[in-house]
Amino acid sequence: MSHFLRSSAVALTLLAAPVSAQDDPSGNVFFGFDFVLVPIAIKWACGGEAEEDLSRIDAVVTAFPEDAEAAQMERIVTDLKKAQTGEVNLAQIMGAPLNSEQEERLCTAATKLNLDHLEPETFEIGGDSELSQEQQLAWRNFFFVVENLSS
C-alpha cells in the first residue's frame, strides 16, 4: 500500500471521527467502510456528483441504525460533506500536498466512481459482487492511480 493511500485513510479517519466501527469490528456492518468513503470524499472534493452517493449512504445508515450509531456515521457523513463544500481540500484528505498533475490524475479517476451498488439489502463490506463491470474497473483504476501518484 502506498504512502498516499495510507495517508488518505489516516487523514479522513482523523477528520471524520475519533471512534469508528474500526474500533469494534465484531459484527458492525460499517467496519472497513472508510475504504469506500475516502475515495468518495476525494470524488466530492474534485467536484464529482454527491447527491446520489449521499442518498445511498443515508439508506444504509437508516437500515442499520445501531451499527451506524456505534460507528458514528452521522458525524462521518457531516465531515464528508466538508469535501463536497470545499471546506476540506484534496491535500487535506490525502494527508500530503499534491501537484496539479497529481490532482488531475486523482480527480479523473475519482469522478468516475459511484455508489450505485450500495443498497441496504446487499450491503457487505469487502464484497464487490454487486458492482457493474464498469464500476469494478473504475474502482480498480482509482486505487491504481492512488498507489502510483508519486511516480
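Predicted model: local features only at pLDDT ≥ 70, side-chain atom pairs only at ≥ 80, totals over all residues.

The protein has 151 residues, of which 44% count as buried. If we take the contacts in the protein with a separation of 6 or more, 80% of them are accounted for by residues 24 or more positions apart.

Now, back to Asp79 and its partners. As a general point, side chains of opposite charge can pair when their charged atoms come close. Asp79 forms a salt bridge with Arg75, where the closest N and O atoms are 3.8 Å apart, and Asp79 also meets Lys82 in a salt bridge, with an N to O distance of 3.3 Å. Where do Asp79 and Arg75 sit relative to one another? Both belong to helix H5, which covers residues 73-85, and because they are 4 residues apart there, about one helical turn separates them. Asp79 and Lys82 are 3 residues apart in helix H5, and they too are separated by about one helical turn.

Across the whole structure, the search finds 6 salt bridges. One of the pairs I would like you to find is Glu101 with Arg105, whose closest N and O atoms are 3.3 Å apart. These two residues both lie in helix H7, residues 100-110, and, being 4 residues apart, they are about one turn of the helix from each other. Glu101 is partly exposed at 40% relative accessibility, and Arg105 is partly exposed as well, at 24%. Elsewhere, salt bridges link Glu52, Arg56 and Glu119 in a network.

Let me turn to how helices pack, which for two helices is described by the angle between their axes and the distance between the axes. How do the axes of helix H2 and H5 meet? Helix H2 covers residues 34-45, and its axis comes within 7 Å of the axis of H5, the two crossing at roughly 30°. That angle is under 35 degrees, so H2 counts as roughly parallel to H5. On the H2 side the contact is made by Leu37, Ala41, Trp44 and Ala45, and on the H5 side by Met73, Ile76, Leu80, Lys81, Ala83 and Gln84. By type, the residues of this contact divide into 8 nonpolar, 1 polar and 1 charged.

I will finish with helix H8, residues 133-147, which has 15 residues and reaches 21 Å from its first C-alpha to its last, close to the 21 Å expected at 1.5 Å a residue. Which residues of H8 are buried? They are Gln135, Gln136, Ala138, Trp139, Phe142, Val145 and Val146.

Notes
Residues numbered from 1 in each chain as written. Heavy atoms only, no water. Salt bridge = Lys/Arg side-chain N within 4 Å of Asp/Glu carboxyl O. Buried < 20%, exposed > 50% of the residue type's maximum accessible area, 1.4 Å probe, protein only. Expected span 1.5 Å × (residues − 1). Axes fitted to C-alpha atoms, helices over the stretch in contact; angles between N-to-C directions. Parallel < 35°, antiparallel > 145°, perpendicular 65-115°, else oblique. Contact = heavy atoms within 4.5 Å. Nonpolar A, V, L, I, M, F, W, Y, C, P; charged D, E, K, R; others polar.
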